[in-house]
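Here is a friendly briefing to read with the model open beside you. Please keep the viewer to hand as you go through the points.

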Amino acid sequence: MTDTTMTAVEKPRNQWLDVWAQFRTHKGAVAGLLFLVFITLFVTVGPVIWDVDPGKLNIRNKDVRPIYMAIFDSNAKVSWGSPMGTDNLGRDIMANIMAGGRVSLAVGWTAMVLAVFIGTLIGVLAGYFKRLDGLLMRFTDLVLALPLLPLLLVMMLLFRDPLRAAFGPENGIFILIVTGIGITSWMQTARIVRGDVMALKEREFVLAARSIGTPARRMITRHLLPNVMSPIMVSATLGLATAIITESALSFLGLGFPSDFPTWGKILFDSVDRMTSFPERVIWPGLAISLTVLAVNYIGDGLRDALDPRIRGQ
Amino acid sequence: MLIYTIRRLLISIPTLLFIAFVIFMLLELAPGDPMAQMPLTIPPEVKEKMRLALGLGEPWYVRFPLWLNQFFIVEPQYWIDSKFGTNFADGAQRIISFQSRSPVFDTIAQRMPQTLWVVGMSYVVGVLIALPIGIISAYRQYSVFDQAGTFVSMIGFSVPPFFSGVLLIVIFSVQLKWLPSIYDTTHVVTNWDSFVFQLRQMIMPVMVLALQTTAQVSRYMRASMLDNLTQDYVRTARAKGMSETTVVLKHVLRNSMIPVVTVIALGIPSIFGGAIITEQIFKVNGLGQLLIIALQGNDIPMVMTITFLLAVLIVMMNLIADVLYGILDPRIRYD
């Protein structure tokens with residue numbers, strides 16, 4: 001009898017398996033995750049399969065409409081050689097969307113990692129060390145009071161040329177945009193992390209760890225950081241979404257990457273002049289940006305529910 | 001409360017000075033030369049004199065206090081002079097734009113109405129749409145309406161204004177030809193027809209900005225209503241036999257509005273930031289467009305002044321939000 005009950009005992013559960021089980025119940029989040037995986041594969045593996053140079057001019061094949069136009073208008077200039085159409089210089093739009101997406105996603109991820117790193121660092125320092133708290137939080141409030149979009153525009157304009165000269169046109173702008181977005185969007189993370197660290201500091205396990213002489217460095221890395229992982233992850237998803245939007249906005253205002261270097265915002269900006277005749281050229285990059293950000297936002301929503309132990313398991 | 005307000009006002013002075021300093025130093029590092037547009041035939045010594053005439057000859061620690069003096073003392077004096085016909089300013093040097101050579105504040109005063117109309121209208125419309133959505137979403141939690149509201153606000157968070165604006169133009173101006181795609185700021189409303197025209201050209205920019213506001217405010221309204229709907233006083237009110245309308249709209253709504261009002265106040269500066277992009281799409285010649293043009297033309301005094309005005313707006317709105325919170329909610333005591 002005891003043998004049968006022993007086999008019925010569940011396997012020991014892992015916390016992250018629980019989180020994943022809860023995450024899977026959120027339909028929007030799963031759909032968002034699938035879309036994010038799809039778009040990431042589209043921009044990374046896509047160019048291997050769709051082997052067209054995004055910068056290749058083909059004047060004979062310019063202004064090709066997307067393939068679905070053949071359904072509405074049998075005379076439309078369509079070609080299976082470029083299913084999303086080509087632009088006014090004959091560049092293939094699908095190849096451009098892939099290349100642009102790679103840059104947009106790379107900027108989004110890197111800027112998000114930077115912002116989360118700065119935010120976590122400042123949040124943990126302010127929450128853990130009382131002496132630094134006043135100074136760091138006053139500083140955070142000051143940065144929050146800055147008009148960030150105009151300042152970001154100013155930064156783009158001022159440091160564009162020196163960084164271009166130092167790191168080359170593409171890398172220079174990449175560093176500039178990533179740094180700009182990173183240092184203007186860490187404040188929310190810092191505030192959340194500080195609050196959580198301050199609450200954790202009063203808990204018994206921290207007292208126990210301190211009583212056996214754990215140094216501050218190990219206290220933070222072993223005891224505090226793992227416990228503030230969930231708010232950090234949620235604010236990371238929000239950060240990814242805003243970073244992608246900010247990069248596109250900068251490109252859209254003409255202050256982003258150089259003109260022959262596609263990003264989603266840049267393609268959208270370049271297509272606005274001809275959107276009367278070729279509306280699809282603004283729709284493709286716009287849809288790519290919006291759906292990616294929507295997917296990331298839904299993932300964040302699902303993560304928030306999945307990481308909250310009060311909701312999990314209900 | 002009064003003491004708190006005064007203390008906050010006093011704290012905001014060093015905050016603003018610090019922000020002004022940050023913006024000034026950032027612009028000071030500018031490698032861009034305002035004289036770059038001048039013809040190359042101008043001899044160097046004349047160019048140097050022109051540079052001095054633009055006020056660029058002095059080091060930053062002389063020019064920063066000068067700018068502060070112009071912004072906080074000279075410009076208000078000119079404003080008072082023009083209002084009351086006095087002569088406080090007495091011909092003092094104003095902040096002059098490098099591009100137009102006219103006082104920066106004159107240009108800003110010309111551009112302000114367009115931005116205020118579009119931005120202000122969109123904010124009011126956005127809030128007016130958001131409040132009922134938030135209330136109904138919370139009252140019928142997890143209903144179809146609530147799900148739809150969540151989805152719409154997700155879209156509002158995710159679709160950037162430069163795509164939603166362009167999409168609206170493609171649909172309503174290009175395909176359906178219902179609305180004009182360019183905002184005509186010279187248009188004057190004189191009769192019914194011109195009023196209808198004004199209304200038609202305002203719909204798209206206002207709706208683009210309102211979508212962002214609606215997304216944010218309706219979420220806060222819903223969360224705040226949900227917090228209050230489960231409170232004991234609501235059950236008491238129901239038990240007393242009050243009608244459901246009275247309970248929801250009088251008791252719950254009033255208490256739920258407290259945090260929402262502060263969110264509305266805090267959102268005002270960010271909507272001006274959003275206006276920079278929207279004005280670019282619909283070709284509204286407002287403050288945002290002025291900032292972009294000034295940035296592209298290395299017009300440092302203009303950029304400095306507009307950016308600083310936005311910073312003042314942010315600091316003031318933060319203060320108003322905090323004070324309002326204290327006034328509306330007697331449980332909040334700052335002292």
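This is a predicted model: local features need pLDDT of at least 70, side-chain atom pairs count only at pLDDT 80 or more; totals for chains, interfaces and linings use all residues.

Residues are numbered from 1 along each chain as its sequence is written, while chains are lettered from A and ligands numbered from 1 in the order in which they are written. Chain A has 15 helices and zero strands, and chain B has eleven helices and zero strands. Helices here are DSSP runs of H or I with at least four residues, strands are E runs of at least two, and both are numbered from the N terminus.

**The two chains overall**

- Along its principal axes, the C-alpha box of chain A is roughly 75 × 65 × 30 Å, and that of chain B is roughly 85 × 60 × 40 Å.
- Of the 314 residues in chain A, 43% are buried; buried means that 20 or more other C-beta atoms lie within 10 Å of the residue's own, exposed means 12 or fewer, and partly exposed is in between, with C-beta atoms placed from the backbone.
- In chain B, 33% of the 335 residues are buried.
- Among contacts in chain A with a separation of 6 or more, 72% join residues 24 or more positions apart; a contact means that two C-beta atoms, placed from the backbone, lie within 7 Å.
- For chain B, the share of such contacts from residues 24 or more positions apart, again at a separation of 6 or more, is 72%.

**Domains of chain B**

- Chain B is assigned domain 1 (44-97) and domain 2 (110-290 + 320-328), with bounds that come from an automatic or database domain assignment.
- The centres of domain 1 of chain B and domain 2 of chain B, taken over C-alpha atoms, are 40 Å apart.

**Where the chains meet**

- At the interface, 32 residues of chain A contact 37 residues of chain B.
- On the chain A side, α8 (148-167), α13 (229-252) and α15 (280-307) each supply at least two residues, and α8(A) gives the largest share, ten residues.
- That side of chain A has 26 nonpolar, five polar and one charged residues, where Ala, Val, Leu, Ile, Met, Phe, Trp, Tyr, Cys and Pro count as nonpolar, Asp, Glu, Lys and Arg as charged, and the others, Gly among them, as polar.

**The nonpolar core**

- The largest nonpolar core has 139 residues, and Leu291(B) and Val303(B) have the most contacts inside it; such a core is a set of buried Ala, Val, Leu, Ile, Met, Phe, Trp, Tyr and Cys residues joined through C-beta atoms within 7 Å.
- Helix α6 (residues 93-128) of chain A gives the most to this core, with 16 residues.
- Setting aside residues up to four places away in sequence, Leu291(B) touches Pro150(A), Ile276(B), Val303(B) and Ile306(B).

**Ala29 of chain A**

- Ala29(A) sits in helix α3 (residues 27-44) of chain A and counts as buried because 24 other C-beta atoms lie within 10 Å.
- Although Ala29(A) and Leu294(A) are 265 residues apart in sequence, their C-alpha atoms are 9.9 Å apart.
- Leaving out residues up to four places away in sequence, Ala29(A) touches Phe23(A), Tyr298(A), Ile299(A), Asp301(A) and Gly302(A).

- Trp67(B), Gln70(B), Phe71(B) and Val74(B) are the buried residues of α3(B), and what covers them includes α1 (2-28) of chain B.
- Just after α3(B), Gly85(B) has a positive phi of about 70 degrees.

- Tyr142(B) is not a glycine, yet its phi is positive at about 65 degrees; Tyr142(B) lies in the loop between α4 (104-139) and α5 (144-158) of chain B.
- Lys283(B), also not a glycine, has a positive phi of about 55 degrees and lies in the loop between α9 (244-282) and α10 (287-296) of chain B.
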